[in-house]
Amino acid sequence: MAPPTYLAPSTFMAAPTTFGLSPATYVGANWGAPVTAKVGVLFDFDGTLGDTETPAMEVAYWELAPFIHNVPAEKLEDEKVSFIQNNAGRAFEHMIENLDEARAKDGLPGVEEARQSDVNEAALRVINEARARFGLPGVQEASGSYPSLLVQQKEETVTALGKCAQPNPGVIDMLKELKSLGVPFNIATTSGKPRVPVCVDACEMREFFPTDDHIHSGESDFTPSRFKPDPDVYLKAAAAERLPPQWCIAVEDSASGVGSAANAKIGLIVGYVGASHIPVEKKQSHAEMLMQGTKAKDGRGAEIVISDMMDLPSIVKAFQVATANGTKITFPSDLQGSIYLPPSK
């Protein structure tokens, strides 16, 4: 079934579907109460539920920094900022590929080969001081402990996030409200296990995701891994709730994540720009990027972008009513935070 067709800045048609599920339940004490459908919410984790993109990207950056040959040691801290903004939500494998390509253009060996012999010695002091802030050993010690940089990145990220992962503002109260409303939800992430379960524990979210069966990973749950924007992890997360994708809401902070949700034909895509890796002056441009749909096969982007997680329950309620009735959804007018909507088409 085709995804909902975008109609206007604040409305789109909720897609009806037939999956052998009860189409709606009456809510309220009288027959005039609105009809609402059972819908589910599928959350990205890094940068959405967890304010983990910044520390995870910092760890990734300092692992790659010894091989960034065209940035002097005194500029590495400055370069880190743009790296985080440009790579948030991307798999580390893709970051290595990009760096290998840049090195090859200058006649230099790839990262794995350079890891054995071609470290940027002048930058080691800066890099090792940064790694120490996350409780990580120096570059040379670490390189002898892991068979590859990819293995090193996965294990060191778990170590670092186990100490510094925090929920994004309003996330805990938002999850409590969704739970009180009886709305099912789970996690649909590119990131692997045990990284995300460790973060769930560090963020004190276990009451909402009591077992790792509530965490679906594109990296760990598929062979080979299926990274966003592939749709697989969203399809798996929706199936786990026994819901068709069209009756689900995806909440995402990255272009790849929005693309994954769009490619899975998720009913409503909500973008989020409230995490610390998106500075205030970049929130609008980041929201616009999420709405552009550059990673979706059909060009579909987020239908709405929010900055305050406490606005999500109101959007979920509106989607419930629209989905049950096969009507247009009207986004609530009393949302608390800044919101961003696509231009009229």
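Let me start at Pro-229, which sits in the loop between strand 7 and helix 10. Keep in mind throughout that this is a predicted model. The peptide bond that joins Lys-228 to Pro-229 is cis, with omega at about 20°. That loop, between strand 7 (215–217) and helix 10 (232–240), also holds Pro-224. Here too there is a cis peptide bond, joining Thr-223 and Pro-224, and omega is about 0°.

Glu-204 has a phi near 60°, a positive value in a residue that is not glycine.

Next, the helices. When two helices pack, we describe them by the angle between their axes and the distance between those axes. At what angle do the axes of helix 7 and helix 9 cross? The crossing is at roughly 5°, and the axes of helix 7 (residues 149–164) and helix 9 (residues 195–202) come within 9 Å. Angles under 35 degrees count as roughly parallel, so helix 7 is roughly parallel to helix 9. On the helix 7 side, the contact is made by Gln-153, Thr-157, Val-158, Leu-161 and Gly-162. Helix 9 contributes Arg-195, Val-198, Cys-199 and Ala-202. Sorted by class, the residues of this contact are five nonpolar, three polar and one charged.

Arg-195 comes up again in the largest pocket. How much space lies in that pocket? The figure is about 350 Å³. The pocket is lined by 25 residues, and those closest to its centre are Thr-190, Ser-191, Gly-192, Arg-195 and Glu-219. By class, the lining has ten charged, eight nonpolar and seven polar residues.

Where does this lining come from? Domain 1 (40–51 + 166–340) and domain 2 (53–164) each give at least three residues to the lining of the largest pocket. In terms of helices, at least two lining residues come from each of helix 1 (53–64), helix 3 (92–105) and helix 7.

Rolling a probe the size of a water molecule over the atoms shows where empty space is left. How many cavities of 30 Å³ or more are there? The count is one, and about 70 Å³ of space lies in the largest cavity. Its lining includes Trp-62, Glu-63, Pro-66 and Phe-67. Arg-115, Arg-131, Val-139, Ser-143, Leu-149 and Gln-152 also line the largest cavity. Helix 1, helix 6 (139–143) and helix 7 each supply at least two residues of that lining. By class, the cavity lining has five nonpolar, three charged and two polar residues.

To close, follow helix 7 on the model. Helix 7 runs roughly parallel to helix 9, gives at least two residues to the lining of the largest pocket, and gives at least two to the lining of the largest cavity.

Notes:
Residues numbered from 1 in each chain as written. Predicted model: local features only at pLDDT ≥ 70, side-chain atom pairs only at ≥ 80, totals over all residues. Heavy atoms only, no water. Axes fitted to C-alpha atoms, helices over the stretch in contact; angles between N-to-C directions. Helix = DSSP H or I, 4+ residues; strand = E, 2+ residues; numbered from the N terminus. Parallel < 35°, antiparallel > 145°, perpendicular 65-115°, else oblique. Contact = heavy atoms within 4.5 Å. Nonpolar A, V, L, I, M, F, W, Y, C, P; charged D, E, K, R; others polar. 1 Å grid on protein atoms, 1.4 Å probe; cavity = no way out; pocket = protein on both sides within 12 Å on 5 of 7 lines; lining within 4 Å. Points joined across faces, edges and corners; volume = space filled by probe spheres on them. Domains from an automatic or database assignment.
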